[in-house]
Amino acid sequence: MSEVKIPYKIYLSENEIPTAWYNLRADMKNKPAPLLNPGTGQPLTAEEMSGIFCEELVKQELDNDTAYYPIPQEIQDFYKMYRPSPLVRAYCLEEKLGTPAKIYYKFEGNNTSGSHKLNSAAAQAYYAKQQGLKGVTTETGAGQWGTALSMACSYYNLDCKVFMVKISYEQKPFRREVMRTYGASVTPSPSTETAVGKKILAEHPGTTGSLGCAISEAVEVAVSNPGYRYVLGSVLNQVLLHQSVIGLEAKAALDKYGVKPDIIIGCAGGGSNLGGLIAPFMGEKLRGEADYRIIAVEPASCPSFTRGKFAYDFCDTGMICPLAKMYTLGSGFIPSPNHAGGLRFHGMSTILSQLYHDGYMEARAVEQTSVFEAAEIFARVEGILPAPESSHAIKAAIDEALKCKETGEEKTILFGLTGTGYFDLMAYQQFNDGTMTDYIPTDEDLAKGFAGLPQVPGQD
Ligand SMILES: *Cc1c(COP(=O)(O)O)cnc(C)c1O
């Protein structure tokens, strides 16, 4: 058999961009638990949801059965601005590590927002426009989601209002200015523009904010202004659906060369890139057609999967959002201030939570200094300056490749490289100066978050 040399980059052609998203839920025997109305404890109806979210997105959110959603032509056209994204064979990293493992990564940082988040922003802004809305509101932490959404909103001519976690607003002024350049208005959260923001400020004067708190503010503004809806960049089923484009492209590229990954790795904040990357592979696994090891990687300072509880919880600090059944640290949990690497949401996608609970995937937590060490190894040989979030996946991929070096196994590893780190250079500076520290929350720290979990009838 003649060996086909696999190129450094496997590109698909423009007309190989997927024309339908894949809905993983269709193949799950145990469906993700429904969102609940926090007032009644009953599953949220489409009608209740449509006050918060766009109609088409409500449909997608609730649909556990339709396997494929055709991607509207307008969104396909948007995708063509920056997709297909390359699938890279990390020959240089393999050589550097001296591993017999074959490492591939799917690179999603090749657009101005710098991350995979544009895949869902393009879809959500499109549906908002279709519905005739004036604009959308959202929250952003480090700013990737807000940037992606502001790009999509300017494309579709929609108003975009972003609540940005205060500490990021102050420490990451560059991404804030990208958002403003694309026409978004950006408010540091908690703010005095909302009732919930004022309440949080009164209870926690001087707080630097959290994602959960910014979500509360964005939702309040959406539901109290006609013509506005709220959009979210991760966690929700609809977001994982849109992000399936990552996995579908990755699989199509690997299939061209007959390559089947043994291990698939992704960082996990709210679960959207990981859910998207693994979608078609997990589908095969659920249908019993193939088997893959799937690993979610999270920060040791915000360990939702590895130390969280699988329970109904609020998605926001203000406790005005629906309840989601997920691995959670409690909606009051805020990672320690020395945590620089993103992935700071207290909860996790309900789809991934159910799959993890049912044993279809693994999770591990890694400390941030080891994440930046991995980022540096990667940057020096593969050229790309990775986002700290993505570097959690790099860390696990390197660890798995080094295990192969010990055992001599030639495993094929695929990981998601979700974005670039140009706006994270303060964190790189701390690492380079040797001032970066690790903090692993104690059980007592976590107990405070768990104590705030809501009582839901019928749940233990
Ligand atoms: C937002 C973000 C993540 C984490 O979000 P998920 O929903 O878990 O994918 C990871 N990497 C980058 C670059 C991001 O911007």
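## Basis of the model

This is a predicted model, in which local features need pLDDT of at least 70, side-chain atom pairs count only at pLDDT 80 or more, and totals for chains, interfaces and linings use all residues. Residues are numbered from 1 along each chain as its sequence is written, and side-chain values use heavy atoms, with hydrogens and water left out.

## Helix H9

Buried means under 20% relative accessible area, exposed over 50% and partly exposed in between (1.4 Å probe, protein chains only). Helices are DSSP runs (H or I, at least four residues), numbered from the N terminus.

Within H9 (residues 195–203), the buried residues are Val196, Gly197 and Ile200. Viewed down the axis of H9, these buried residues fall within an arc of 100°, so they line one face of the helix; the arc is that of the directions from the helix axis to the C-beta atoms. Helix H10 (211–224) is included in what covers them, by contact (heavy atoms within 4.5 Å).

## Ligand surroundings

The ligand is surrounded by 17 residues, the closest being Lys117, Ser234, Gly269, Ser272 and Thr418. A residue counts as near if one of its heavy atoms lies within 4 Å of the molecule.

An N or O atom in the side chain of Ser234 is 2.5 Å from an oxygen atom of the ligand. For the side chain of Lys117, the corresponding distance from an N or O atom to a ligand oxygen atom is 2.6 Å.

Methods: Helix = DSSP H or I, 4+ residues; strand = E, 2+ residues; numbered from the N terminus. Polar contact = N/O pair within 3.5 Å; in protein donor to acceptor, adjacent residues only side chain to side chain.
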